[in-house]
Amino acid sequence: MRTAAYGLSEAVPQGYIHQFSHKWQAEHLDIDRQAQERFEKLIEGMKQAQDIKRNA
């Protein structure tokens with residue numbers, strides 16, 4: 001009896017799986033970079049808001 005993983009590797013060429021993996025990884029890294037930028041902007045905004053509240 002074949003497992004799902006065995007069936008997938010037989011049905012899809014390894015080059016395609018490898019290419020898809022690299023594309024997914026590149027997209028994941030781009031999403032991670034965007035999230036980091038947004039997080040840094042959020043923190044900077046919070047710092048500025050705290051300064052305004054402290055000086056008011």
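View 1. Helices here are DSSP runs of H or I with at least four residues, strands are runs of E with at least two, and both are numbered from the N terminus. Together with Tyr16, Ile17 and Phe20, Trp24 makes a nonpolar surface patch of about 460 Å². Such a patch joins nonpolar side chains (Val, Leu, Ile, Met, Phe, Trp, Tyr) within 5 Å; its residues have over 30% relative accessible area and no salt bridge, and like charges would be joined within 9 Å. Accessible areas come from the Shrake-Rupley method with a 1.4 Å probe, and for residues only the protein chains shown count as cover.

**View 2. Arg33 and Asp30 in a salt bridge.** The side chains of Arg33 and Asp30 meet with N to O at 2.5 Å. A salt bridge puts a side-chain nitrogen of Lys or Arg within 4 Å of a carboxyl oxygen of Asp or Glu. Both residues belong to helix H2 (residues 14-55). They are three residues apart, about one turn of the helix. Arg33 is partly exposed at 41% relative accessible area. Asp30 is also partly exposed, at 31%. Buried means under 20% relative accessible area, exposed means over 50%, and partly exposed lies in between (1.4 Å probe, protein chains only).

**View 3. Arg33 and Glu37 in a salt bridge.** Here the closest N and O atoms of Arg33 and Glu37 are 2.9 Å apart. Helix H2 holds both residues, four residues apart, about one turn of the helix. Glu37 is partly exposed, with 37% relative accessibility. Shared partners link Asp30, Arg33 and Glu37 into one salt-bridge network. The structure holds two salt bridges.

**View 4. The protein chain as a whole.** The chain has two helices and zero strands. Of its 56 residues, 2% are buried. The chain exposes about 5500 Å², and carbon and sulfur atoms supply 59% of that area.

**Notes to all views.** Residues are numbered from 1 along each chain as its sequence is written, and side-chain values use heavy atoms, without hydrogens or water. In this predicted model, local features need pLDDT of at least 70, side-chain atom pairs count only at pLDDT 80 or more, and totals for chains, interfaces and linings use all residues.
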